[in-house]
Amino acid sequence: MNPIYLDYNATTPLDPAVVDAMLPYLTHHFGNPSSSHAYGRTTRDAVAAARLQVAALLNAQAAEIVFTGGGSEASNQAIKGAFFAAPEQAHIVTSAVEHPATLEPCAFLRRLGCEITVLPVDRYGRVDPDEVRRATQRKTLLVSIMHSNNEVGTLQPIRAIAAIARERGALMHTDAAQSLGKLALDVNELGVDLLTMAGHKLYAPKGVGVLYARRGVPLEPLVHGAGHEGGRRAGTENVPYVAALGMACAIARQSLPNATQRLRGLRDRLWDRLSAALGERVTLNGHPEERLPNTLNVNVAGWIGSDLLKAVPEIAASTGSACHEGSKEITLSPVLAAMGVPLAIGRGALRLSVGRFTTEDDVDRAGDLLARAARTIDPS
């Protein structure tokens with residue numbers, strides 16, 4: 001049997017309906033959307049339909065949707081694009097728990113002379129809006145705070161932070177790659193100017209994403225060339241993947257809010273099973289309430305997270321952000337470190353994330369397997 005998949009925050013499997021939406025543009029409809037003949041019109045119509053589907057999920061306008069090569073590109077375009085459009089406003093505010101796709105562009109701009117303020121978080125991983133207010137200044141160009149943390153699931157107070165950014169005349173960007181499809185998001189209610197989406201977090205393929213850019217927000221393109229995507233991102237559109245992402249967004253919109261309730265039920269069922277079996281040996285990372293409905297990040301006392309997962313090959317999960325996998329060095333993840341989790345505790349962290357195809361039987365078996373291993377196998 002395949003391992004029980006509890007790593008939906010790393011990536012999601014393709015939804016069968018998404019595959020069906022994509023296949024015709026891999027096999028029959030191969031035209032360039034910029035072409036004026038029938039082949040081009042077919043694929044141009046597909047891109048336009050997908051743009052409407054993405055916009056509907058966000059309650060945005062279709063013209064505000066920019067298709068990209070993924071979530072990392074979308075965040076890079078938001079941050080670098082805003083800076084290069086107004087380099088005289090050389091100050092950006094972000095947080096210590098952001099995804100590398102936000103922190104690394106900020107580090108790059110710092111080398112070009114941009115001032116970067118990295119805000120701390122509390123023990124739950126949340127940014128204090130008052131810290132944002134104190135950090136912003138006259139020349140602040142952009143505030144970039146993620147909507148939800150990919151590792152511990154903590155939700156940030158984006159509405160409050162966006163209101164402060166607007167009050168100070170700064171743009172507001174949020175990375176919502178982990179939130180979309182799990183929670184209902186409305187860009188107008190959030191008050192954001194820029195928002196990142198990643199297709200592979202939403203049951204669409206890897207290699208496609210979206211940058212929502214509010215109408216009128218000035219952005220310098222990352223990729224220069226012909227005037228694709230309203231002049232904001234050059235390159236012939238990846239029609240199969242764009243069509244796939246459009247369908248993924250349509251499915252996500254239809255499934256909410258039931259999907260939120262179902263995911264929360266599975267997450268809490270897994271937590272209840274682990275805590276009943278392990279008691280005080282298992283503790284929670286992240287906010288107990290204000291977090292993603294699918295994400296359970298726990299510390300198992302006496303263990304190194306990677307060693308515990310090796311002891312339970314029947315489970316596919318993560319010891320932190322998927323972007324940090326592969327290192328044999330035993331260190332605390334940057335997110336847990338920023339939250340002040342002690343090294344002796346945080347070394348035992350596991351990220352268990354459920355998704356659309358997770359069943360109650362999956363979480364029951366996973367909880368039992370992890371608890372059994374934690375109790376019966378000597379980690380030394």
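Biologist: What should I keep in mind about numbering and confidence?

Modeller: Residues are numbered from 1 along each chain as its sequence is written, side-chain values use heavy atoms, and hydrogens and water are left out. The model is predicted, and local features need pLDDT of at least 70, side-chain atom pairs count only at pLDDT 80 or more, and totals for chains, interfaces and linings use all residues.

Biologist: Are R51 and E229 buried or exposed?

Modeller: The relative accessible area decides this, with buried under 20%, exposed over 50% and partly exposed in between, using a 1.4 Å probe and protein chains only. By that rule, both R51 and E229 are buried.

Biologist: Which parts does the salt bridge between R133 and E167 tie together?

Modeller: The side chains of R133 and E167 meet at 2.9 Å, N to O. R133 is partly exposed at a relative accessible area of 32%, whereas E167 counts as exposed at 52%. The two residues are 34 apart in sequence, so their pair ties together helix α6 (residues 129-135) and helix α7 (residues 158-167).

Biologist: Which residues are linked with D368 in a network of salt bridges?

Modeller: D368 in helix α15 (residues 360-376) and R273 in helix α11 (residues 258-278) are 95 residues apart, and their side chains meet in a salt bridge of 2.8 Å, N to O. The network that holds D368 also contains R269, R273, E360 and D364.

Biologist: Which residues of α5 are buried, and why do they lie on the same side?

Modeller: Helices (H or I, at least four residues) and strands (E, at least two) are DSSP runs numbered from the N terminus, and α5 spans residues 100-111. The face turned away from the buried side carries the exposed residues E104 and R111. The buried ones are A101, T102, P105, C106 and L109.

Biologist: At what angle does α5 run to β3?

Modeller: With contact meaning heavy atoms within 4.5 Å, the cover over the buried residues of α5 includes α4 (71-85), β3 (91-95), β4 (115-119), β5 (140-144) and β6 (171-175). Axes are lines fitted to C-alpha atoms, for helices over the stretch in contact, and angles run from 0 to 180 degrees between N-to-C directions. Lying across β3, β4, β5 and β6, α5 runs to β3 at about 150°.

Biologist: Which are the edge strands of the open sheet of 7 strands?

Modeller: Two strands pair if DSSP finds at least two bridges between them, and the sheet has the order β2-β8-β7-β6-β5-β3-β4 with mixed pairing. Within this order, 5 bridges join the antiparallel strands β7 (residues 194-198) and β8 (residues 209-213). The strands that pair on one side only are β2 (65-68) and β4.

Key:
Expected span 1.5 Å × (residues − 1). Salt bridge = Lys/Arg side-chain N within 4 Å of Asp/Glu carboxyl O.
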